[in-house]
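Have the structure open as you read.

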Amino acid sequence: MDSQGFTIPRIPYLRLRCTLRAEQEALLPSFKGSMLRGAFGHALRRSACVMGPRQPCESCGLRAACHYTRLFETFIENEPPPFLKGQTAAPRPYVFEAEDERRRFAPGDRLQFDLLLFGSAVALQALAAVAIERMAEQGLGERRRRFVAEEIAALDASGAFRPLGGKLAPPLLPPRNGLPADAVTLRFVTPARFKAGDQLLRGLRFRDLVFRTLARVLELAHFFADRSAVDWSFQPFLRRTEGVRIAEQSLAWRDFKRYSARQRTEMTLGGFVGSMRLEGDLAPFAPLLRTAEIVHVGKGATFGLGRVEIEE
């Protein structure tokens with residue numbers, strides 16, 4: 001708890017490091033997060049759904065007890081929190097991180113990526129691993145080239161990767177490590193997209209970053225962790241952003257293309273990449289910024305957008 005009495009809720013999370021080996025020549029997109037998320041969703045539904053592909057999740061009588069909808073199609077079943085009034089879907093409790101921008105894979109080449117699970121989704125790790133194995137077998141990329149899951153390992157609280165299975169104590173968010181007293185550089189590794197209403201933000205204030213990151217963390221905690229520990233009265237905390245200034249900013253807009261199977265079209269998405277130097281009273285924001293390194297920020301976080309790193 002900081003001096004203003006505001007606490008970032010604790011959320012268990014699990015990082016799975018997945019290594020796939022190509023069995024055929026494959027041509028994959030340079031940004032692979034969207035492809036991986038789509039292939040994972042199809043494989044997960046085939047693994048978990050007992051009703052079959054013709055049954056829409058929206059009208060399924062089993063959706064509240066379904067592991068697929070708990071992880072991938074997350075419907076709001078009860079009263080939503082303040083920021084999701086009028087919406088039917090909760091944030092997804094996972095993030096894909098795939099930073100290998102290679103496009104061509106020969107037989108035997110390895111593709112490595114991380115899948116992070118948050119809150120109650122940690123308990124679905126075995127099902128997630130099965131879906132990863134099956135999506136590799138079913139093929140990746142436009143021509144569905146076959147891969148095989150060579151290894152799926154989990155990061156434990158000690159910082160070591162261990163084979164999935166057995167007893168594992170997942171780490172908790174926010175991490176315990178803090179920030180230097182008064183200055184850090186925040187680096188946007190993958191494009192970060194922020195919206196105000198229907199408009200993309202083309203400039204970024206520290207308050208914007210804090211507000212949208214805080215909303216994401218509180219929503220994840222509300223739906224997938226201990227909702228009784230979520231404090232929605234964070235206006236005094238937001239006012240403390242006035243004590244932090246952006247001393248330097250070197251952000252550029254980067255576009256990339258992704259194929260949307262749902263809309264059956266190629267889409268162009270973009271966001272900020274680069275860095276900003278923050279100076280001032282950073283101590284109250286250390287838990288939130290360290291959490292942002294894990295959960296990502298902005299739109300498209302589930303397929304790897306909005307990854308940030310703190311450089312001390």
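A cavity here is a set of points, on a 1 Å grid over the protein atoms alone, where a 1.4 Å probe fits but cannot get out; a pocket is an open set with protein on both sides within 12 Å along at least five of seven lines, and lining residues have an atom within 4 Å of a point. Grid points are joined across faces, edges and corners, and a volume is the space filled by probe spheres set on the points.

Keep in mind that the model is predicted: local features need pLDDT of at least 70, side-chain atom pairs count only at pLDDT 80 or more, and totals for chains, interfaces and linings use all residues. Residues are numbered from 1 along each chain as its sequence is written, and side-chain values use heavy atoms, with hydrogens and water left out.

The protein has two cavities of 30 Å³ or more. Phe31, Gly33, Phe96, Glu97, Ala98, Glu99, Thr190, His296, Phe303, Gly304 and Arg307 line the largest one. Helices (H or I, at least four residues) and strands (E, at least two) are DSSP runs, numbered from the N terminus.

For the lining classes, Ala, Val, Leu, Ile, Met, Phe, Trp, Tyr, Cys and Pro count as nonpolar, Asp, Glu, Lys and Arg as charged, and the others, Gly among them, as polar.

| Space | Volume | Lining residues by class |
|---|---|---|
| Largest cavity | about 50 Å³ | four nonpolar, four polar, three charged |
| Second largest cavity | about 30 Å³ | six nonpolar, one polar, no charged |
| Second largest pocket | about 340 Å³ | eight nonpolar, five polar, six charged |

Now for that pocket: 19 residues line it, and Arg70, Phe75, Glu77, Phe223 and Phe224 lie nearest its centre. Helix H2 (67-71) and H4 each give two or more residues to the lining, with H4 supplying the largest share, three residues.

What about the fold as a whole? There are six helices and 14 strands in the protein, and its C-alpha trace spans about 55 × 40 × 40 Å along the principal axes. Buried residues (under 20% relative accessible area, 1.4 Å probe, protein chains only) make up 49% of the 312 residues. In helix H1 (residues 33-48), the buried residues include Gly33, Met35, Phe40 and Arg45; Gly33 also lines the largest cavity.

Key: Expected span 1.5 Å × (residues − 1). Buried < 20%, exposed > 50% of the residue type's maximum accessible area, 1.4 Å probe, protein only.
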